[in-house]
Amino acid sequence: YLLAWLLSYFYNKTHFYKIPKIAGLILYFLKELIRASFKVAYDIITPKDYMKPALVAIPLDVESDLEITLLANLITLTPGTLSIDISKNKKMLLIHEVYVKDEDVEAVKNTIKNGFERRILSITR
């Protein structure tokens, strides 16, 4: 990282400043992966069923195919969530969420928009 910073005089510096943002996205994904894994594992080993599944349509701020694919894959790789479909105009992403507390789909939307989507946009723009 230090060597890249020293050599940043010779190339476009915007790529250098994206390295911490990429690391932040990876760490955020790992945190969400571990948190969701424990939630699903707890639901499996306890006798009570805590699942409250719902389909959630998320309006997208990401526009390019790379951004949409990355967002959909990160959502699908997180246990308890699954990307189902993208609208034809690429403005809505339909996901299946297993744990929706009290039918609060806005909380699910906010979690994805302020989590994965915001971090993806900070890298690609």
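Modeller: Start with α4, which lies across β1 and β3 and runs at about 50 degrees to β1. Contact here means heavy atoms within 4.5 Å. Axes are lines fitted to C-alpha atoms, for helices over the stretch in contact, and angles run from 0 to 180 degrees between N-to-C directions. Helices (H or I, at least four residues) and strands (E, at least two) are DSSP runs, numbered from the N terminus.

Colleague: And what are the ground rules for the numbers?

Modeller: This is a predicted model: local features need pLDDT of at least 70, side-chain atom pairs count only at pLDDT 80 or more, and totals for chains, interfaces and linings use all residues. Residues are numbered from 1 along each chain as its sequence is written, and side-chain values use heavy atoms, with hydrogens and water left out.

Colleague: Which strands does α3 lie across?

Modeller: β2 and β3, running at about 145 degrees to β2.

Colleague: What's the strand order in the sheet?

Modeller: β1-β3-β2, an open sheet with antiparallel pairing. Two strands pair if DSSP finds at least two bridges between them. β1 (54–59) and β2 (81–86) are at the edges with a single partner strand each, so one side of each has no neighbour in the sheet. On average, neighbouring strands are turned by 30 degrees against each other, direction ignored.

Colleague: How many bridges join β2 to β3?

Modeller: Five, and β3 covers residues 92–97. Leucine 82 has histidine 96 in β3 as its bridge partner.

Colleague: Back to the helices. At what angle do α3 and α4 pack?

Modeller: About 145 degrees, with the axes 10 Å apart. α3 is residues 65–77 and α4 is residues 105–124. Which residues meet? From α3, Glu67, Leu70, Leu71, Leu74 and Ile75; from α4, Ile112, Phe116, Glu117, Ile120, Leu121 and Thr124. That contact has eight nonpolar, one polar and two charged residues. Ala, Val, Leu, Ile, Met, Phe, Trp, Tyr, Cys and Pro count as nonpolar, Asp, Glu, Lys and Arg as charged, and the others, Gly among them, as polar.

Colleague: New topic. Which element gives the largest share of the lining of the largest pocket?

Modeller: α2, with six residues.

Colleague: What classes line it?

Modeller: Twelve nonpolar, four polar and ten charged residues.
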